[in-house]
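Visitor: Please show me the structure, and let us then examine it by question and answer.

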Amino acid sequence: MSLWRTKSIEDSLADSHLEHRSLKRTLGTWDLMVMGVAVAVGAGIFSVGARAAGDYAGPSVSLAFVLAAVTCALAIMCYAEFASTVPVAGSAYTFTYATLGELLAWIIGWDLILEMLTAAAVIAKYWGIYLSLVFELWNWNVPDTINVLGLEVSWGPFVIVAVFTTLLVLGTQLSARVGAVFTIIKVAIVLFVIVVGAFFVKVENYSPFIPEERPTEGGTGDAWSQSLFSFLTGAAPAQYGVFGLLAGASLVFFAFIGFDVVATSAEEVRDPQKNLPRGIFGGLAIVTVLYIGVSLVLTGMVPYTTLAEAEDPSLATAFVAVGADWAAQVISVGILAGLTTVIMVLLLGLARVLFAMSRDGLLPRSLSVTSDKRRTPVRIQILTGVVVALIAGLTDVGLLEEMINIGTLSAFVLVSIAVIVLRKKRPDLPRAFKVPLSPFLPILSAVLCLWLMLNLTTLTWVRFGIWLAIGLLIYFVYGRRNSVLGREQARLASTAPDPAAD
């Protein structure tokens with residue numbers, strides 16, 4: 001059986017109509033836009049930009065956001081073409097299965113699981129921490145951990161994951177409506193912060209816009225904390241300058257993670273050929289404007305050196321520095337609202353990728369059964385909720401933050417390549433949206449995403465390699481032998497007439 005066997009577009013579309021294994025189409029353009037904003041506008045807008053400005057890019061962090069947005073937009077164009085052509089669950093996994101073969105589809109599905117599982121766990125953990133901070137603002141002394149049988153357990157992640165797992169089991173549209181309320185609240189807070197912060201902006205803080213490059217304090221540092229690019233080339237890690245700007249773009253790219261999750265809901269979208277591209281690009285446009293606005297206000301309020309000196313710089317650091325301490329309270333509430341919707345969308349996306357892989361037999365097929373009434377993947381949704389809650393509540397997930405980036409970027413690279421392959425293999429397919437200037441833009445997307453990957457630390461790459469090794473072991477032990485496509489091809493081969501008998 002070939003490792004490169006592909007699943008036809010027609011078979012993927014047919015699977016979306018299987019009895020007890022199909023999802024209900026309830027989402028429109030507005031729902032998708034809200035979903036994109038909901039998953040992207042989280043804690044990152046309040047903290048990642050400050051860290052990138054202070055440690056890497058200075059005032060040019062706004063350009064870092066633009067570069068990250070362009071990279072994301074190029075990849076999202078590839079997702080939009082695929083999702084409007086093959087509107088079924090699974091996102092990059094499904095697209096790769098139709099073009100590059102089962103083995104690479106498994107790898108990319110495994111990467112997506114890494115991205116969404118670690119992201120959901122990390123953000124659920126932070127949700128519990130920020131909930132305690134909000135309680136402190138109200139002078140309520142509520143600890144963020146409790147002792148259970150000698151274990152320190154973060155109770156917040158269990159609460160928020162349980163709530164949204166229940167909502168997602170009850171229906172995707174219900175979850176989308178609840179998410180929309182939280183999304184409106186957090187966007188309003190972000191706009192409020194931008195407007196108020198603008199009154200404290202001083203033009204001189206933007207100079208120099210791109211600070212002069214200088215070696216990172218401490219010299220070359222240890223091999224594990226260097227970027228893979230620095231490690232391979234022997235270049236000393238540097239702050240600021242052009243390479244600092246590029247490193248900043250790699251960091252703030254974290255704030256754009258999530259738009260690929262929107263594509264996982266393709267099988268639940270009404271008129272996906274029109275609504276998917278509109279929803280994805282509409283959400284990306286809103287998020288990019290908000291990010292650039294926040295970064296300009298942030299670096300205009302205080303010198304970037306003030307952010308560099310802070311132990312854990314955030315948007316609150318700038319407001320405290322200018323004497324507006326009250327804003328830190330507003331920001332804490334904004335972060336809590338932001339993290340709430342991110343968790344919901346990630347739980348949805350993770351379940352949909354697992355649903356697609358199990359429906360194809362690469363994971364136990366019994367998991368892909370949907371409920372008769374609501375047509376949601378109840379078994380997988382509950383399983384993912386339990387796993388995410390346990391990881392977030394019982395472990396130090398902060399060590400896995402960069403794993404989210406590398407999982408996303410690896411998926412972006414393969415989807416960018418897969419678009420070119422599908423154009424060659426199936427030029428006959430109707431495409432509601434086409435990536436312009438193909439194959440140039442998809443190739444550029446793959447190159448930019450690979451560059452951002454190279455700017456992640458060597459330790460992240462080692463962990464990524466271990467994760468892939470575990471995934472390949474599972475595929476060869478279970479997935480390859482239980483693949484629905486593989487079994488069907490074997491059945492056809494066994495029933496085909498023997499030419500030698502003629």
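Visitor: Does R431 count as buried or exposed?
Guide: Buried means under 20% relative accessible area, exposed over 50%, and partly exposed in between, with a 1.4 Å probe and protein chains only. R431 has a relative accessibility of 13%. Because this value falls under the cut-off, R431 counts as buried.

Visitor: On what basis are such values given, and what is the mean pLDDT of the protein?
Guide: This is a predicted model, in which local features need pLDDT of at least 70 and side-chain atom pairs count only at pLDDT 80 or more, while totals for chains, interfaces and linings use all residues. Residues are numbered from 1 along each chain as its sequence is written, and side-chain values use heavy atoms, with hydrogens and water left out. pLDDT is the predictor's confidence in each residue, from 0 to 100. In this protein 93% of residues reach 70 or more, and the mean pLDDT is 83.

Visitor: Which residue forms a salt bridge with R431?
Guide: A salt bridge is a side-chain nitrogen of Lys or Arg within 4 Å of a carboxyl oxygen of Asp or Glu. R431 meets this rule with a partner whose closest N and O atoms are 3.2 Å apart, namely E81.

Visitor: How many residues apart in sequence are the parts that E81 and R431 tie together?
Guide: Helices (H or I, at least four residues) and strands (E, at least two) are DSSP runs, numbered from the N terminus. E81 lies in helix α4 (residues 61-85) and R431 in the loop between α17 and α18, so the parts tied together are separated by 350 residues.

Visitor: What is the relative accessibility of D360, which meets K7 in a salt bridge?
Guide: The side chains of K7 and D360 come to 2.4 Å, N to O. K7 belongs to the segment before α1 (9-15) and D360 to the loop between α15 and α16, 353 residues apart. K7 is buried, with a relative accessible area of 9%, and D360 also counts as buried, at 6%.

Visitor: Which residues are linked with E10 in a network of salt bridges?
Guide: E10, in contrast, is partly exposed, with a relative accessible area of 41%. Its salt bridge with R426 has closest N and O atoms 2.8 Å apart. This pair joins helix α1 to the loop between α17 (401-425) and α18 (440-454), 416 residues apart. The network linked with E10 contains R426 and D428.

Visitor: What distance separates the end C-alpha atoms of helix α7?
Guide: The expected span of a helix is 1.5 Å times one less than its number of residues. Helix α7 (residues 155-170) has 16 residues, so it should span 22 Å. The distance in the model agrees with this, at 23 Å.

Visitor: How many of the 34 residues of α15 are buried?
Guide: Helix α15 reaches 51 Å from its first C-alpha to its last, close to the 50 Å expected. The buried residues of α7 pack against α15 (326-359), among other elements. Helix α15 is mostly covered, its number of buried residues being 29.

Notes: Contact means heavy atoms within 4.5 Å.
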